[in-house]
Amino acid sequence: MPNYDSQLFSKICDENDVKALTRYGLEREDFASETSRRAYDEIRSYAESNGGQAPSYATLVAEVDGFNYVPAVTDSYEFLARKIKEYSGKAQVARFFNEELPTLFEDADTEKLIVTVQAQLDRIRMGTSVRQIPGKTLVEIAQDFRAEYERRKAGESFRLWKTPFPTLNAEIGGLYSGDIYGIMAESGRGKTYLSEVLVDEMLRQGANVLVKSYEVKAYPWVARLLSVITAREGALEIDDIADKVGLPNKAMLAGGLEGAVEAYFYEICDALSTYYPGNLYLQAKSDAGLTRSLDALERELAANPSIDAVVIDAFYNLDDVYGRNANKTAGGAAEQAARRLERIIGENDVVGIYTVQAATERQDTDEDTGRRELKLPDRDRMKTTKALLEITTNLFAFDAVNGLGRIGVEKGRNGGEGFTLDLVALMDYGVLREMPKGAEVASQFAGNF
């Protein structure tokens with residue numbers, strides 16, 4: 001290898017430019033020989049003791065035995081740094097494959113082996129890249145921004161999927177590809193149900209949706225979906241309920257449908273595969289194909305680029321949340337998992353939806369009826385990790401009781417924060433929709449007077 005190290009250090013001394021080491025991300029480990037590393041140490045130490053100044057070439061030669069000064073170097077710092085980094089990268093790759101990989105190959109399973117090799121090579125690549133301009137210039141920004149606008153105008157750059165709640169859509173726009181949305185509620189209050197209503201709506205718009213249902217098995221998950229489907233179809237009318245409703249979920253779970261209702265159930269089952277324009281890919285609790293790691297999710301999205309949305313119910317069921325963490329702090333693994341989920345969703349340009357529990361509080365009850373009152377949890381009650389809140393575009397708080405529901409926006413990166421919407425929540429019958437308004441309300445009472 002040509003002596004680029006000596007040329008770089010000589011140029012730094014001649015031009016009194018110690019900051020060149022920082023500008024181009026050159027570290028001690030990037031230099032191959034012990035002489036070069038001692039020269040690096042001397043320049044850094046001298047600068048620290050002398051107000052950032054570089055030593056003269058004479059001082060460097062005197063202090064570092066074996067250093068060869070090269071006068072009048074005209075090559076640029078970028079060129080020299082690139083050459084040094086290139087050699088350093090090759091040396092690190094060779095060292096990894098010759099010294100570390102054999103042991104890893106013997107001790108690790110295939111998945112861990114692949115992940116470790118990829119991570120190590122990524123680390124070497126990032127560490128040996130030469131830093132140049134720290135960001136885009138205004139010229140580049142203007143060109144890229146206009147091009148992105150044209151792609152969005154043509155519907156090519158991102159996808160927007162509507163929720164089933166028109167008033168909520170007016171507030172937040174909908175669910176944008178590349179963004180993450182959270183559903184937070186206390187245990188047993190309908191997190192999974194709300195996620196299924198969102199899935200149903202996206203499927204109706206032609207989305208391909210991957211669902212990881214860690215807490216609900218396939219049969220009850222699909223039973224809820226059938227209730228939602230048939231409620232949208234207005235399948236049943238029930239005494240004392242003004243709304244048309246869907247198939248009763250509890251009766252499906254018990255296998256207790258009867259007569260014409262059961263016959264209709266069989267018709268819906270037969271038509272389910274062709275009902276939606278979109279496609280559902282369900283991994284449910286106890287299924288052999290249910291994967292639990294972010295590594296697996298990343299592979300699944302890479303292998304299936306047609307997927308538009310991912311639902312993780314619930315986030316804290318991912319193995320990554322309670323695994324090892326690099327910073328060795330309490331909750332560090334969960335924080336890392338949240339950050340990595342953000343990267344995976346963004347890089348694959350899909351909608352990400354997760355559910356998470358809210359910490360339980362004492363419940364207020366109505367003095368007259370003794371029933372629990374609707375109360376949305378606030379963002380401070382989110383369990384697992386606050387990093388989950390930080391990566392979220394919209395955090396939806398949810399509660400439902402006695403046929404009433406409420407959804408609120410606890411975080412609104414693009415607006416909507418503090419917004420709440422009251423809902424009809426007959427969830428055993430597949431109904432979760434906005435409260436009727438105006439003429440719609442009047443029509444429900446027409447003929448009753």
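Tutor: Helices and strands here are DSSP runs, numbered from the N terminus. On that basis V350 lies in the loop between α14 (332-348) and β7 (351-357). Keep in mind that this is a predicted model.

Student: Is V350 buried or exposed?

Tutor: Buried. Its relative accessibility is 1%, and the cut-off for buried is under 20%.

Student: What does V350 touch, leaving aside neighbours within four places in sequence?

Tutor: V350 is in contact with S177, G178, D179, L301, I307, D308, A309, V310 and I345. There is also a C-alpha distance to note: V350 and L175 are separated by 9.8 Å, though they sit 175 residues apart along the chain.

Student: And D349, where is that?

Tutor: D349 is in the loop between α14 and β7. Its phi is positive, near 50°, and it is not a glycine. D349 counts as partly exposed, because its relative accessibility is 35%.

Student: On to β7. How many of its residues are buried?

Tutor: Seven of the seven, so β7 is largely enclosed by the rest of the structure.

Student: Which residues point which way from β7?

Tutor: V351, I353, T355 and Q357 point one way. G352, Y354 and V356 point the other way. All of them are buried.

Student: Which sense does β3 pair with β7 in, parallel or antiparallel?

Tutor: Parallel. Strand β3 (residues 180-185) pairs with β7 over six bridges. I183 stands opposite T355 in β7.

Student: What about β6 and β7, how many bridges there?

Tutor: Four. Strand β6 (residues 309-313) also pairs with β7 in the parallel sense. V311 stands opposite I353 in β7.

Student: Back to geometry. Where's the cis peptide bond?

Tutor: It joins D313 and A314, with omega about 5°. D313 is in the β6 range, residues 309-313. A314 is in the loop between β6 and α14.

Student: Helices next. How far apart are the end C-alpha atoms of α10?

Tutor: They are 21 Å apart. Helix α10 has 15 residues, 218-232, and at 1.5 Å a residue it should span 21 Å, which agrees.

Student: Which residues of α10 are buried?

Tutor: W221, A223, L225, L226, S227, V228, I229, T230 and A231.

Student: And what covers them?

Tutor: The cover includes α9 (191-204), β4 (208-217), α11 (249-254), α12 (259-275), β5 (279-285) and β11 (431-434). α10 is followed by G234, whose phi is positive, near 65°.

Student: Different spot. Where is R413 found?

Tutor: In the loop between β9 (404-412) and β10 (420-426). R413 counts as partly exposed, at 41% relative accessibility.

Student: What does R413 touch, not counting residues up to four places away in sequence?

Tutor: E390, I391, T392, T393 and N394. R413 and T392 are 21 residues apart in sequence, and their C-alpha atoms are 7.9 Å apart in space.

Student: Zoom out. How many helices and strands does the protein have?

Tutor: It has 16 helices and eleven strands. Buried residues make up 44% of the 449 residues. Of the contacts with a separation of 6 or more, 68% are between residues 24 or more positions apart.

Student: And the accessible surface?

Tutor: About 23600 Å². Carbon and sulfur atoms account for 49% of that.

Student: Last one. What's the mean pLDDT?

Tutor: The mean is 85, and 89% of the residues reach 70 or more. Over residues 441-449 pLDDT stays under 50. The model has four contacts beyond four places in sequence for that stretch.

Technical notes
Residues are numbered from 1 along each chain as its sequence is written. This is a predicted model: local features need pLDDT of at least 70, side-chain atom pairs count only at pLDDT 80 or more; totals for chains, interfaces and linings use all residues. Side-chain values use heavy atoms; hydrogens and water are left out. pLDDT is the predictor's confidence in each residue, from 0 to 100. Contact means heavy atoms within 4.5 Å. Helices (H or I, at least four residues) and strands (E, at least two) are DSSP runs, numbered from the N terminus. The expected span of a helix is 1.5 Å times one less than its number of residues. Buried means under 20% relative accessible area, exposed over 50%, partly exposed in between (1.4 Å probe, protein chains only). Accessible areas come from the Shrake-Rupley method with a 1.4 Å probe; for residues, only the protein chains shown count as cover. Two strands pair if DSSP finds at least two bridges between them.
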